[in-house]
Amino acid sequence: MENNIKLGTSNSHDKTQATAITVSAYYKVHPEDRQIFKDAVIPEMIAANKLEGCIYYAFSQDLTDENTFHLLEGWRNQEAYERHENSETFLTALSTVVKNVRIVDREGVRYDISNMHIDDPRGKV
């Protein structure tokens, strides 16, 4: 299979790598603040994907609500997760969003992973 992965982008990950920590979150932003949110998180997403220990870090815009964004993070270990949480790019994005974006709704959950299984249901059809 040809590898068209661009380093530092959200498609540069291999989800089959062992992940000790996963974060799943969504953010519903005020429509007038949508572009501010995107402008804040895109540089952070690119920088996070380049950090040692980042397995994946991806934001995606919801297909049915353009004001909702989903975040999925995967980290090799606690150290990598904490390195990200204390990184300048994360703190800059966080500050920009907190100070300039009206978050209508948000929920985030961190999971500590003990076992991982590859899921591919395509064989069922």
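**Reading a predicted model**

Modeller: Let us begin with a single side chain: K28 counts as partly exposed, because its relative accessibility is 29%, a value that falls between the 20% limit for buried and the 50% limit for exposed. Please keep in mind throughout that this is a predicted model.

Colleague: Which residue forms a salt bridge with K28?

Modeller: The partner is D65, and the closest N and O atoms of the two residues are 2.6 Å apart. This pair links distant parts of the chain, since K28 belongs to strand β1 (residues 21-29) while D65 sits in the loop between β2 and β3 (68-75), 37 residues apart.

Colleague: How many salt bridges are there by this rule?

Modeller: The count comes to seven salt bridges. One of them joins the side chains of D33 and R102, at 2.8 Å from N to O. Here too distant parts of the chain are linked, with D33 in the loop between β1 and α1 and R102 in the loop between α3 and β4, 69 residues apart.

Colleague: Are D33 and R102 buried or exposed, or something in between?

Modeller: D33 counts as buried, because its relative accessibility is 5%, whereas R102 has a relative accessible area of 42% and is therefore partly exposed. A further salt bridge is made by the side chains of R110 and D112, at 2.9 Å from N to O. In that pair R110 is partly exposed, with a relative accessible area of 35%, and D112 counts as exposed at 58%. Salt bridges can also share partners, and in this way E32, D33 and R102 are joined into one network.

Colleague: How should I describe two helices that lie against each other?

Modeller: Two packed helices are described by the angle between their axes and by the distance between those axes. In this model the axes of helix α1 (residues 34-50) and helix α3 (residues 88-100) come within 9 Å and cross at roughly 170°. That angle makes α1 roughly antiparallel to α3, because angles over 145 degrees count as roughly antiparallel. On the α1 side the contact is made by I36, F37, A40, V41, E44 and A47, and on the α3 side by T89, F90, A93, T96, V97 and N100.

Colleague: Where does G53 lie, and which residues is G53 in contact with, leaving aside its neighbours within four places in sequence?

Modeller: G53 lies in the loop between α1 and β2 (54-61), and its contacts, with those neighbours left aside, are G74, W75, R76 and A80. From G53 to R76 there are 23 residues in sequence and 4.9 Å in space, C-alpha to C-alpha. With a relative accessible area of 4%, G53 is buried.

Colleague: Finally, how should I read the surface, and which residues make the nonpolar surface patch?

Modeller: One begins with the total, and here the protein chain exposes about 8,400 Å², of which carbon and sulfur atoms supply 51%. The nonpolar patch, of about 370 Å², is made by Y111, I113, M116 and I118. I118 is placed in the segment after β4 (103-112), and I118 is exposed, because its relative accessible area is 59%.

Terms used:
Residues are numbered from 1 along each chain as its sequence is written. This is a predicted model: local features need pLDDT of at least 70, side-chain atom pairs count only at pLDDT 80 or more; totals for chains, interfaces and linings use all residues. Side-chain values use heavy atoms; hydrogens and water are left out. Patches are made of residues with over 30% relative accessible area and no salt bridge: like charges are joined within 9 Å, nonpolar side chains (Val, Leu, Ile, Met, Phe, Trp, Tyr) within 5 Å. Accessible areas come from the Shrake-Rupley method with a 1.4 Å probe; for residues, only the protein chains shown count as cover. A salt bridge is a side-chain nitrogen of Lys or Arg within 4 Å of a carboxyl oxygen of Asp or Glu. Helices (H or I, at least four residues) and strands (E, at least two) are DSSP runs, numbered from the N terminus. Buried means under 20% relative accessible area, exposed over 50%, partly exposed in between (1.4 Å probe, protein chains only). Axes are lines fitted to C-alpha atoms, for helices over the stretch in contact, and angles run from 0 to 180 degrees between N-to-C directions. Angles under 35 degrees count as roughly parallel, over 145 as roughly antiparallel, 65 to 115 as roughly perpendicular and the rest as oblique. Contact means heavy atoms within 4.5 Å.
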